[in-house]
Every structure is written in structure tokens, then in C-alpha cells.
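Look at the chain as a whole before turning to single residues. Then follow the backbone from one end to the other.

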Amino acid sequence: MKIDFKTLKMMELRSSPGEVLDRVARDGEVFVIERNGEPKACLVPVSFLLPDISPERITEELGKLHEKKENYKLTINENKELEINFHETAAGENIVISIILPHGYPNSAPRIYASGVLPNTPNRWHDGSLAIFGAVTTWNAKSHDVTNALTLARGWLKQYAKWRKTGQWLEGSHETRQNI
């Protein structure tokens, strides 16, 4: 990603801090603040460093996981998206379910990955994410959350375990394709 930095003198920032802040937040402008001719700091939109998800929503989501006593690891990935990882076992294999909350979540559906599955595993999209949200199961921003996504991912893992035993994936299974 190419970032177009603009130089802003400290005196200019002091004279109209609200206007500068609006340009950063609203327009995505990036400024290098100079004092006495030397760069001292940068002003960048929050989305450059953190996920573009309301802090209240993140707190709510993590609270639900805590209530359910889920064990997870929370990170911010290279795209500044929130990534929640869960260690699972399916077909005797250690698998990490990663639920990625993209910018704009919950209005944008999460992406779900399973690392540790065979490369030829069916029911995954081209990017490797699990084929959970799509034509049969839809994401509802008002009623769905991470716990719903985790439930669907665990259903997908059950089908994965059956596929490893039988070589057949049950298409349209209610365990992986449900409107919850």
C-alpha cells in the first residue's frame, strides 16, 4: 500500500486542530508533523493501526466468548483486521479455526479459516476460507456474532472429520449449512 504523506507544520496544527483531525478521520489524509523543521510525529487514520470495528462491538463479542468459557487468542493481522483463533481437534488432527472480523464488521461477514486441514479439503472458497456463508447460510449483521460463526465452523469440522473417514462430504448438511 502506498501512503501519500503530507508535511504539516506544528503551527498549522495548533491553528486548526479540529480541521486537521477531520481531514485525517474523514478523508484518510496522513500528515507528518514538523516542529523546527524536523519531523516529530504522524497523524494517521485509526484504521491504519486498528480494525475499523466499534470498540463496543468488540467488547460485546469478547464478552460472549468469555461467558461461554471459550479459550481463544486475539490478534490484529497484517490487514489490521481482528483475528480470533481457537484450537480445535477434528479427525485426530490439531486444527486452528481463525475467525477474521473484517473492517466494517458486523456489516461485513467474518471470514473463517481452518489451518491444519489437508490442502484438497472440499467446501472452501478460493482464498481457503470455509464455505460457510454463501447461498444457503447467510450472515445477518443484527443477529449473528462470533459465537454463531464458531458454531458453524465447528459444524464444518464435524463434516471434515466425516470426510476424512469416508471420503465423502455431505452436501447441504444441516450441521454446516444452517441459518442461525
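Helices (H or I, at least four residues) and strands (E, at least two) are DSSP runs, numbered from the N terminus. On that basis the protein chain has 4 helices and 7 strands. Their order along the sequence is β-α-α-β-β-α-β-β-β-β-α. The radius of gyration is 21 Å, well over the 16 Å that the globule rule gives for 180 residues, so the chain is more spread out than a compact globule. That radius is taken over C-alpha atoms, and the rule is 2.2 Å times the number of residues to the power 0.38. Along its principal axes the C-alpha trace spans about 70 × 30 × 30 Å.

This is a predicted model: local features need pLDDT of at least 70, side-chain atom pairs count only at pLDDT 80 or more, and totals for chains, interfaces and linings use all residues. Residues are numbered from 1 along each chain as its sequence is written, and side-chain values use heavy atoms, with hydrogens and water left out.

Of the 180 residues, 40% count as buried. Buried means under 20% relative accessible area, exposed over 50%, and partly exposed in between (1.4 Å probe, protein chains only).

Now go to helix H4, residues 146–166. H4 has 21 residues and reaches 30 Å from its first C-alpha to its last, close to the 30 Å expected at 1.5 Å a residue. The expected span is 1.5 Å times one less than the number of residues. Just after H4, Gly-167 takes a positive phi of about 80 degrees.

Which residues does Thr-121 contact, leaving aside its neighbours within four places in sequence? They are Trp-156, Tyr-160, Trp-163 and Trp-169; contact means heavy atoms within 4.5 Å. Thr-121 sits in the loop between strand S7 (111–115) and H4. Its relative accessible area is 6%, so Thr-121 is buried. Val-30 is 91 residues from Thr-121 along the chain, and their C-alpha atoms are separated by 43 Å.

Other loops hold backbone details. Pro-106 lies between strand S6 (93–101) and S7. The peptide bond from Tyr-105 to Pro-106 is cis, with omega near 15 degrees.

Lys-69 is in the loop between helix H3 (55–67) and strand S4 (73–76). Its phi is near 55 degrees, a positive value in a residue other than glycine. Lys-69 counts as exposed, because its relative accessibility is 73%. Ala-91, in the loop between strand S5 (82–90) and S6, also has a positive phi, near 55 degrees. Ala-91 has 39% relative accessibility, so it counts as partly exposed.
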